[in-house]
Amino acid sequence: MTDTPNLEKTPVRDKSRFAVAMESDFVYAFKRSPVAIVSTVVVLILVLSAVFAPLIAPTNPFDPASLNLMNGFTAPMEPNAFTGDTFLLGTDDQGRDVFSTILYGMRISLFVGVAAVLFAMVLGITLGLISGYFGGWTETIIMRTADVQLTFPSILVAMLIFGIAKGVTPVEYRDQMAIWVLILAIGLSDWVQFARVVRSATLVEKSKDYVAAARLIGRKPGAIMLRHILPNVLSPVLVIATISLALAIIAEATLSFLGVGAPPTQPSLGTLIRIGQGFLFSGEWWILLFPAVTLLALALSVNLLGDWLRDALNPRLR
Amino acid sequence: MLAYLIRRVAQSGLVLLIVGMVAFGMFRFVGDPIDNMLGQERTQEDIDRLRGQLGLDQPFAVQYFRFLENAVQGNFGVSYRQGRPVSDILLERAPATLELAAVSGFLAIAMGIALGVFTAIRRNGFTANFIMSASLIGVSLPTFLIGILLIYIFSVELGWLPSFGRGETVRIGNWTTGFLTETGLKALVLPSITLGLYQMTLIMRLVRSEMLEVLRQDYIRFARARGLRDRVVNFRHALKNTMMPVITVIGLQLGSIIAFAIITETVFQWPGVGLLFINAIQFVDIPVMAAYLMLISVMFVGINLIVDVLYFLIDPRLRADRAGAH
């Protein structure tokens, strides 16, 4: 009846989606880069061991019943003088197995990092799309706020937000809420990058024909932004998200180390390093060293992966 | 030129007003100041009297204006935790932070430029490559881990340098300095390396890439053809022309040094403003937090403004562009 081309008649795909993906430039570049492969493996091992911590960890460090104070300060791989128990990475002052506390601590570090980046991403994408699509006063207010925030280092912004949020929460809930306050603080300190990139990509996409077409058939602005523009601006967002994750993990560790982050009842890797620093002079090096090395491995491998992703997704650098 | 300057100053003023609003909001809405100042046994009469005395019964705008008026005069109220005027505490703590920042800044600039030039001139040498790889690790190590590592090596294992505090200080007027005693100087070494390392690697990498760019230019080749000595070519001709972006970065990094002093001061228990701020957050000492926020934003906004204006003055191309546009 009409002359519209039949959209169903696309060429028959004779390969599965998986096979197509495996032949893409992206996978080819990945297979050729030892750095990318090694850092992916390290990230996977660390994330999986954090997720399955309750299954892997020999003890539950937060269950008082499983602790024995006599096991305190046991060196790695050496039997304890009183109980004869041996621990892979030693124990801390309260007899908690360091290996188990690291696994559980990494859970909190990763949870805070991922949640903060997701929060920053959703906030940044929303504000970026809105300011890019609508322009005018909304754009001025949003982007000037971003500029003001960029004047200050993000760790300082995160500290301030943490301090204010702590002041607002009633004393009895402070320890319980600390993790969520931390996510809020790091997320709010990090949305600017996302908003800037999404806004400039939106400005480019907005003037293309497909957006005009969508507008012509009467789609609402919200639908155009989410269904049409958003999918086309996602690849730089992915790169920023990966690099932000490394930064967020380090920011969380720094705040917790300074004593303005995860509380001792829910220690993250930063809190563990803070605790370990106290035993640096008395010779119990393992309480400090192993959490620090884990944090480094985590932050470094996520960072390297982000760098590689940026190069691989940027066609200009090929 | 003048229009640009005025717009830039107005923007900075607006930023400071907004930050002032945040600081004031902290005072006004985070916890009740009356609660913080009066003890358990208080009557409604006491509360009303104090409310009147502090001007808390006035409209929001009046209170905000009064807050700004006080802040400009350096009056930030009384610390909830120490019971002393915040301005006194800040003045007492400022020398420690400023001395630490000055030494780290000097270290970062001197070492950064020297290593940057070195790695650019010997860009295929073993030492230069080693320095470049080492700097990558320096960038990815979090500041507090660098501090702990240094403490472990130089205080715990070797026992050469102190791991915390400022050592003995000498009092000159209102200023306490650690520069004049041996323990004071020793105490400065580890914290200033910790604080300056990141900025040093940043400056080094920047100088290196700028130098490599400049060394390819024709006038360098001509200078060599004229038979000038390597040292003259490298420093007089090449380095001088890399300074423009380096100065900008150094200016912008000055602010970060003060901000990152928070972390270094905590690791080394350095009695400066940063440690004061962290303790204020831990104990929700709002007046100290607000004062620190105001102080650091004045500094950041001021440095940004100066760098922008300097850029404008140094680079004639920027001026030409703007003149052409009007």
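In the predicted model, A:Arg199 forms a salt bridge with A:Glu139, the closest N and O atoms lying 2.6 Å apart, where a salt bridge is a side-chain nitrogen of Lys or Arg within 4 Å of a carboxyl oxygen of Asp or Glu. This pair links distant parts of the chain, 60 residues apart, with A:Arg199 in helix 9 (residues 191-206) of chain A and A:Glu139 in helix 6 of chain A; helices (H or I, at least four residues) are DSSP runs numbered from the N terminus. Over all chains, a search of the whole structure finds six salt bridges. Because this is a predicted model, local features need pLDDT of at least 70 and side-chain atom pairs count only at pLDDT 80 or more, whereas totals for chains, interfaces and linings use all residues. Residues are numbered from 1 along each chain as its sequence is written, chains are lettered from A in the order in which they are written, and side-chain values use heavy atoms, with hydrogens and water left out.

Between chain A and chain B, about 3,000 Å² is buried, of which carbon and sulfur atoms give 85%, the buried area being the accessible area (1.4 Å probe) that two parts lose on being put together, summed over both. Across this interface the rule finds zero salt bridges. The side of chain A that touches chain B draws at least two residues from each of helix 7, helix 11 (221-258), helix 12 (269-277) and helix 13 (286-313) of chain A, and its largest share, ten residues, comes from helix 7 of chain A. The residues of that side divide into 23 nonpolar, six polar and three charged, where Ala, Val, Leu, Ile, Met, Phe, Trp, Tyr, Cys and Pro count as nonpolar, Asp, Glu, Lys and Arg as charged, and the others, Gly among them, as polar.

The contact takes 32 residues from chain A and 33 residues from chain B, contact meaning heavy atoms within 4.5 Å.
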